[in-house]
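Here is a short briefing on one protein model. Look at the picture, then work through the points below.

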Amino acid sequence: SSPFSNLSVIPLDPHYALKELFNADHDPKKVILGSGVYRDDNSKPWVLPSVKKAEELVDQAQDSARYEYLPITGYAPFYNAARDLLFGPFDEKAVHVVSLHTISGTGANHLGARFLSDALRPSSVWLSDPSWVNHANIWGLVGVTVKLYPYWNREKRVLDFEKMIEKLETEAATGDVIVLHACAHNPTGVDPTKEQWKRIAEVCEKRALFPFFDCAYQGFATGDLDEDAWAVRHFVERGTLEIAVAQSFSKNMGLYGERVGAFHLVTASPDSAAKAKGHLTRLQRGQISQPPTRGSKLATTILTNPRLFQEWLADLREMSSRIKNMRKALYEELLSLGTPGTWDHIVSQIGMFSYTGLSPEQVATVQTDNHVYILKSGRISVAGLNTKNVKHVAEGIDAAVR
Ligand code: PMP
């Protein structure tokens, strides 16, 4: 008999389970609002015009070395440009940053989790309740106890800020890691204000917690790259904290399948940076040896060519404003239907997602009756809405909550 027959049964990831049900549904009105992938107004994937131009430039420049291995730490022009986009100008004498090119944001989260678990030996990692589903999975895989800090107040549909602070102040242990979403919190679409970020930084200082930012949506929250990096930069500028950041270009460049990302560690001394770099490089060698080339060249072309960079900003604005318009459209449809409940949060939340507040039963009803596929948590990917399906989705939600 096979020893594998003793394995427990692992349920399919909720995103993929939802996608399978959606694919099996042949109703022409079907809509999926599951995974965080951008769609245009015809529900089609969108290759950013700036990316198309970068493809041409990268293809023109390709020589016989194009399939060579990158160094273990990845493509240096990429991770340096990615670092500058994230941190902006910083004082290189006071701030020491180690950057590695990773398999997108997921790879950066995993590399970071593995590194921090070895280097800091935290008693726990603190995740927001709720958080991106893969955070608990990743930290569980590296063997660190996962604990949750309050984040979402289900009743009021707002950030549960005082409870979050209280929990961290009373229960987090020295050296614990706290995962923070740099902007456009997934799944709730609710971010702390600047004043609240300052208090979170103070708690990290006071309790000696290690902040690990996950930055998967820079440019998607407000449409402004600097504004969306404010929290990360603030933590660095305080000069009192060492931090890590997992950075992804999946969403803001639409390079999902190319797996373009970086891990950055900000340390207080050049000695720490050099040692950390050695360990991170060894981990990367054991996990993936070298990251893939092409996507990082596309991203670098956009980040370093001033004309393409401006075009990219316009593409970002196009995506973020379409999403904002869809929030407004859904909100207005619900109001005009007189749907019971308050729906202001749909327009006040930011980024790709809205935490609708629909219960799992209501989600099931919209799915069966209206062929609208939403995660059990009630989170919708607003990017899945368009001018043709928003009325249908609103009608489904309306019927389910009555
Ligand atoms: N972090 C968060 C919060 C995310 O929402 C995502 C994508 N859904 C990721 C990380 C990772 O995405 P990727 O691996 O494609 O960069």
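Helices (at least four residues) and strands (at least two) are DSSP runs, numbered from the N terminus. Counted this way, the protein has 15 helices and 13 strands. Its radius of gyration is 21 Å, close to the 21 Å that the globule rule gives for 402 residues, so the protein is as compact as a globular protein of that length. Keep in mind that this is a predicted model.

**Overall build**

- The C-alpha trace spans about 60 × 60 × 55 Å along its principal axes.
- Of the 402 residues in the protein, 45% are buried.
- An unreviewed UniProt entry annotates residues 29–397 as "domain: Aminotransferase class I/classII large".
- That span, residues 29–397, is 47% helix and 15% strand. Its end C-alpha atoms lie 14 Å apart.

**Around the ligand**

- Which residues come nearest to the ligand? They are Ser104, Gly105, Thr106, Ser248 and Ser250, out of 13 residues around the ligand.
- Helix H4 (residues 104–120) gives the largest share of this shell, with 3 residues.
- By type, the shell holds 9 polar residues, 3 nonpolar and 1 charged.
- Ser250, one of the nearest residues, sits in the loop between strand E9 (243–248) and strand E10.
- Is Ser250 buried or exposed? Ser250 has 22 C-beta neighbours inside 10 Å. The cut-off for buried is 20 or more, so Ser250 counts as buried.
- Ser250 and Arg233 are 17 residues apart along the chain, and their C-alpha atoms are separated by 21 Å.

**Strands E2 and E10: an antiparallel pair**

- Which way do E2 and its partner E10 (residues 260–267) run? They run antiparallel, joined by 8 bridges.
- Find Leu100 and look across to E10: its bridge partner there is Phe263.

**Strands E3 and E4: a parallel pair**

- Strand E3 (residues 125–129) pairs with strand E4 (residues 146–150) in the parallel sense. The pairing runs over 5 bridges.
- The chain gets from E3 to E4 through helix H5 (residues 133–141). This β-α-β crossover is right-handed.
- Trp126 stands opposite Lys147 in E4.

- Ile374 lies in the loop between strand E12 (372–373) and strand E13 (379–381).
- Ile374 counts as buried because it has 27 C-beta neighbours inside 10 Å.
- Ile374 and Leu180 are 194 residues apart in sequence. In space they are 25 Å apart, C-alpha to C-alpha.
- Asp40 is in the loop between strand E1 (31–32) and helix H2 (49–61).
- How many other C-beta atoms lie within 10 Å of Asp40? There are 14, so Asp40 is partly exposed.
- Asp40 and Val393 are 353 residues apart in sequence, with 17 Å between their C-alpha atoms.

Conventions. Residues numbered from 1 in each chain as written. Predicted model: local features only at pLDDT ≥ 70, side-chain atom pairs only at ≥ 80, totals over all residues. Near = placed C-beta within 6 Å. Nonpolar A, V, L, I, M, F, W, Y, C, P; charged D, E, K, R; others polar. UniProt positions renumbered as here; feature names shortened; annotations may be inferred. Pairing = 2+ DSSP bridges. Right-handed = clockwise from strand over helix to strand, strands pointing away. Rg over C-alpha atoms; globule rule 2.2 N^0.38 Å. Buried ≥ 20, exposed ≤ 12 C-beta atoms within 10 Å, placed from the backbone.
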